[in-house]
Every structure is written in C-alpha cells, then in structure tokens.
Amino acid sequence: MSLDPHYGQQSLGDLAPKLAELTDQTLFGDIWLRPGLTPRERSLATVSALIALNRVEQLPFHLRRAQDNGIGRDTLAELITHLAFYAGWPNAASAVSALRTVMNEAKTP
C-alpha cells in the first residue's frame, strides 16, 4: 500500500478540508519524510502509540502501512504482546483483532 499523496483529501476532505490539507502536506508530506527516523521506525512508534491510546479506528491503516515499511506479521504480533504489559491487556487484544483483520484482507484477492 503506497500512500496516495492525496490520502487526507480523499478520506477527510469532504467534511474537514483543512484537516485533510494538514494530513497530506504536514503529516505525510513532511513529518513522515523527515530523515531522523526511518519509515519503519516511524511505523513502530505510530502503531505503539495507537495501541497504547486504544485508537483502534486508525490502527488498521497504520498496520498496513507498517507492513509496507517492512514490518512483518510476526514482529507486529510481538510488538502487541510487549505492549500488553505497558498499554494494557484490552488494548493488546483489540490490536490483535485489528491485525487479524488486516492479515485476512491481504489474503483476499
């Protein structure tokens, strides 16, 4: 899943055009491209934060993005297991459910 440079516009633009603009230009057009962290490291940080904050609605998108950034299913499962002790068991269980959904999507032609 390579990120469409207009992802924010497509997903948010009809209701929140400024948020869409900030998503496309600032978040994905600047922050995700900064040289201080690799895309893989940014994905690990983002997925961890989403799990810790129990932001399950955003998690599938970022799990797919993590896979695109070279993070495999086993690593994501290990990350979730590790976070169960820091972010809470229910958050980890919800993350496993999101990972299962993403993995099942990948199997569907």
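Modeller: The answers below concern a predicted model.

Colleague: How many residues does the largest nonpolar core have?

Modeller: The largest nonpolar core has 19 residues. Those with the most contacts inside it are V47, I51, L59, L63, L76, I80 and L99.

Colleague: Which helices each supply at least two residues of this core?

Modeller: They are α3 (39-52), α4 (59-68), α5 (73-87) and α6 (89-107). In soluble globular proteins, nonpolar side chains tend to be buried together.

Colleague: What does V47 touch?

Modeller: Leaving aside residues up to four places away in sequence, V47 touches L59, H62, L63, A66 and L79.

Colleague: At what angle do α3 and α5 pack?

Modeller: The angle is about 45°, and the axes of α3 and α5 are 10 Å apart. The two helices, α3 and α5, are therefore oblique to each other. Their crossing is right-handed.

Colleague: Which residues make that contact?

Modeller: From α3 there are R40, L44, V47, S48, I51 and A52, and from α5 there are T75, L79, I80, L83 and A87. By class, the contact of α3 with α5 has eight nonpolar, two polar and one charged residues.

Colleague: A change of topic: where does A16 lie?

Modeller: A16 lies in the loop between α1 (7-12) and α2 (17-27).

Colleague: What separates the C-alpha atoms of A16 and A98?

Modeller: These C-alpha atoms are separated by 26 Å, and A16 and A98 are 82 residues apart along the chain.

Key:
Residues numbered from 1 in each chain as written. Predicted model: local features only at pLDDT ≥ 70, side-chain atom pairs only at ≥ 80, totals over all residues. Heavy atoms only, no water. Core = buried A, V, L, I, M, F, W, Y, C linked by side-chain atoms within 4.5 Å. Buried < 20%, exposed > 50% of the residue type's maximum accessible area, 1.4 Å probe, protein only. Helix = DSSP H or I, 4+ residues; strand = E, 2+ residues; numbered from the N terminus. Contact = heavy atoms within 4.5 Å. Axes fitted to C-alpha atoms, helices over the stretch in contact; angles between N-to-C directions. Parallel < 35°, antiparallel > 145°, perpendicular 65-115°, else oblique. Left-handed = near helix turned anticlockwise from the far one by under 90°. Nonpolar A, V, L, I, M, F, W, Y, C, P; charged D, E, K, R; others polar.
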